[in-house]
Amino acid sequence: IYVTHDQTEAMTLADDIVVLDEGIVSQKGSPLDLYNNPNNLFVGGFIGSPKMNFIDSKILSNNNNNTEVDLMASAKINIPKISKTSSVGDNIKIGIRPEHLTINQNAEANWEGKVFVVEKLGSGTFLYLEKEGDPLVVETEGDSNIKVGDTVKVGFETSRCHIFDSSNQAFK
């Protein structure tokens with residue numbers, strides 16, 4: 001669409017986008033809203049490149065402010081998202097984008113993994129780490145000296161984590 005502002009024409013792609021899953025509207029909103037606040041697992045995996053990481057987990061405890069979940073049997077993390085329909089012991093998926101993970105730095109929660117692919121792209125580097133299921137993808141600096149076979153500590157910023165219930169809906 002064309003937008004006219006102060007006698008200047010500028011072209012924008014869209015103010016809102018609609019994500020369809022098998023012909024059904026999965027979510028509608030601004031690109032950044034869909035990126036930062038996906039309503040479900042499908043939107044979380046569809047928006048962004050590379051896609052959001054998904055980690056199988058369980059609810060360990062919850063309260064009015066956050067949900068404590070298991071992080072790959074190595075840590076417990078409190079994610080500031082809640083659900084009125086999920087309970088302790090329920091299977092969930094943690095979602096976090098590659099750029100919201102840190103390497104070998106202090107973070108709210110940590111996990112160690114072995115690098116099996118290093119994808120250097122100039123301004124950034126994607127590290128693919130071994131884990132059960134799909135690899136964990138982490139974005140780091142372009143001039144990183146991490147190589148295949150290295151074991152690295154991965155930091156999770158809990159405020160950037162998402163939780164999806166067994167019906168693939170996001171906790172809010």
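Two residues are in contact when they have heavy atoms within 4.5 Å of each other. This is a predicted model, in which local features need pLDDT of at least 70 and side-chain atom pairs count only at pLDDT 80 or more, while totals for chains, interfaces and linings use all residues. Residues are numbered from 1 along each chain as its sequence is written, and side-chain values use heavy atoms, with hydrogens and water left out.

**View 1. W111 and its contacts in the largest nonpolar core.** A nonpolar core is a set of buried (under 20% relative accessible area, 1.4 Å probe, protein chains only) Ala, Val, Leu, Ile, Met, Phe, Trp, Tyr and Cys residues joined through side-chain atoms within 4.5 Å. The largest one here has 26 residues, and W111 is among those touching the most other members, together with L71, I94, L129, L136, V154 and F156. Setting aside residues up to four places away in sequence, W111 touches residues including L71, M72, S74, E130 and K131.

**View 2. K131, a buried lysine without a salt bridge.** Look for K131 in the loop between β11 (124-129) and β12 (136-141). A salt bridge needs a side-chain nitrogen of Lys or Arg within 4 Å of a carboxyl oxygen of Asp or Glu, but the nearest side chain of opposite charge to K131, that of D134, is 6.2 Å away. The backbone oxygen of D134, however, lies 2.9 Å from a polar atom of the K131 side chain. Beyond four places in sequence, K131 touches F54, I55, M72, W111 and L136.

**View 3. L20 in strand β3.** This strand covers residues 17-21.

How values were computed: Buried means under 20% relative accessible area, exposed over 50%, partly exposed in between (1.4 Å probe, protein chains only). Helices (H or I, at least four residues) and strands (E, at least two) are DSSP runs, numbered from the N terminus. Lys and Arg count as positive and Asp and Glu as negative; His and the chain ends are not counted. A polar contact is a pair of N or O atoms within 3.5 Å; within protein, one must be able to donate a hydrogen and the other to accept it, and residues adjacent in sequence count only if both atoms are side-chain atoms.
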